[in-house]
Amino acid sequence: MIGRQALRADLMLLGAAAMWGTGFIAQSSAMDHIGPYLFNSLRYLIAGVLLLPVGHLVLRRLGERWDRRVLRDGVLLGGVLGAASALQQVGMVTTTASRAGFITGLYVLMVPGVAWWFGHRPTRGNVIGVALAFGGMVLFASDLSGRPAVGDLLVLASAAAWALHVVLIGLMAPRRDPTALVGVQFAVAAGVSLVMFGLFEIGGSGAGSWHTGVKPAFTAILYAGLFSTVAAYMLQFTAQRSAPASHATILMSTEALFAAAAGWLLLSERLGTAEWIGGGLMLSGALVSQLMKPATAPAISGTGADPTPPP
């Protein structure tokens with residue numbers, strides 16, 4: 001029987017996955033006008049500007065203050081988040097979207113290993129759930145033909161960074177209210193993205209120049225900043241205060257399912273039999289991971305262990 005706390009965490013993680021999945025529509029729309037680094041810079045900047053003041057008020061209400069741990073953890077998480085986003089975007093230049101999506105999804109397999117390295121051994125349910133989720137992702141991946149490219153290696157590096165990000169959240173989120181920590185993370189990620197923007201996009205050509213492309217992309221940027229960044233990551237951080245990282249990752253892998261469903265509902269994109277079966281496997285993996293627990297296992301700890309967090 002799933003406890004109330006575990007069910008609440010699961011619903012939060014599914015909500016985050018839904019926001020990330022539907023956010024692909026906003027990102028796709030924005031890419032018609034601006035480059036990916038500027039898009040990431042602005043979405044993280046919006047998120048940081050909104051959350052840093054709120055984080056300050058929360059710390060005051062709790063009788064706490066900005067200390068070295070908050071800043072250190074936020075800088076580390078923001079650096080990993082910014083690096084993962086940058087590696088993924090650069091890698092996608094020389095690989096296909098299907099291959100990039102599949103390779104990125106390998107973080108589902110990496111998280112239990114990274115968490116184990118930090119001393120949090122996955123349960124049998126975690127392992128079976130990861131296998132089911134991975135099988136579902138294979139069915140979602142579509143055409144994976146073609147020779148490996150440099151972009152594949154960069155996207156693989158980004159998958160490793162996403163896995164590390166998920167595990168780090170599992171370790172850091174339970175220490176205190178996550179609002180200030182998430183705000184620092186977004187500010188740092190915005191800085192990393194701005195550096196990438198300055199190096200690779202200023203002066204470049206594309207669907208539109210950066211200074212004229214922001215206005216038509218503003219609605220998509222705002223949606224991404226408010227929902228698939230602020231709301232989704234706050235749900236992830238809050239849920240991972242009580243949900244194991246490996247289990248959390250399985251639930252977050254349903255992002256691909258929500259993206260496909262959004263395309264089906266909003267863009268009239270069709271889902272084939274393989275996609276429907278893949279979605280069922282992902283949800284089955286999440287259910288198995290939650291229900292199959294050792295008989296002697298204590299309630300889900302607040303340390304993020306049992307073990308994980310993607311970013």
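This is a predicted model: local features need pLDDT of at least 70, side-chain atom pairs count only at pLDDT 80 or more; totals for chains, interfaces and linings use all residues.

Q: How do I describe two packed helices?
A: You give two things: the angle between their axes and the distance between the axes. Take helix 1 (residues 4-30) and helix 10 (residues 245-252): they pack at an angle of about 40 degrees, and their axes are 8 Å apart. Helix 1 and helix 10 are therefore oblique to each other.

Q: Is the crossing of helix 1 and helix 10 left-handed or right-handed?
A: Right-handed, for helix 1 and helix 10.

Q: Which residues in helix 1 and helix 10 meet?
A: Start from the general idea: an α-helix has 3.6 residues a turn, so residues three or four places apart point the same way. Now look at the case here. Helix 1 brings Asp10, Leu13, Leu14, Ala17 and Trp20, and helix 10 meets them with His247, Ala248, Leu251 and Met252. Sorted by type, the residues of this contact of helix 1 with helix 10 are seven nonpolar, one polar and one charged.

Q: How do helix 5 and helix 10 pack?
A: Helix 5 (residues 107-117) packs with helix 10 at an angle of about 175 degrees, with the axes 9 Å apart. Helix 5 and helix 10 are therefore roughly antiparallel to each other. On the helix 5 side you'll find Tyr107, Val108, Val111 and Pro112, and on the helix 10 side Ala245, Ser246, Thr249 and Met252. The contact of helix 5 with helix 10 has six nonpolar, two polar and no charged residues.

Q: Is helix 10 mostly covered or mostly open?
A: Mostly covered: eight of its eight residues are buried. Among them are Ile250 and Met252. Over the protein chain, buried residues make up 48% of the 311 residues.

Q: Where do I look for nonpolar cores, and how many residues has the largest?
A: In soluble globular proteins, nonpolar side chains tend to be buried together. Here the largest nonpolar core has 49 residues, and Tyr107, Phe186, Tyr233 and Phe237 have the most contacts inside it. Helix 7 (residues 150-172) supplies the largest share of this core, nine residues. Another core, of 13 residues, lies apart from it and includes Tyr37, Phe197, Ala220 and Ile221.

How values were computed
Residues are numbered from 1 along each chain as its sequence is written. Side-chain values use heavy atoms; hydrogens and water are left out. Axes are lines fitted to C-alpha atoms, for helices over the stretch in contact, and angles run from 0 to 180 degrees between N-to-C directions. Helices (H or I, at least four residues) and strands (E, at least two) are DSSP runs, numbered from the N terminus. Angles under 35 degrees count as roughly parallel, over 145 as roughly antiparallel, 65 to 115 as roughly perpendicular and the rest as oblique. A crossing is left-handed if the near helix is turned anticlockwise from the far one by less than a right angle, and right-handed if clockwise. Contact means heavy atoms within 4.5 Å. Ala, Val, Leu, Ile, Met, Phe, Trp, Tyr, Cys and Pro count as nonpolar, Asp, Glu, Lys and Arg as charged, and the others, Gly among them, as polar. A nonpolar core is a set of buried Ala, Val, Leu, Ile, Met, Phe, Trp, Tyr and Cys residues joined through side-chain atoms within 4.5 Å. Buried means under 20% relative accessible area, exposed over 50%, partly exposed in between (1.4 Å probe, protein chains only).
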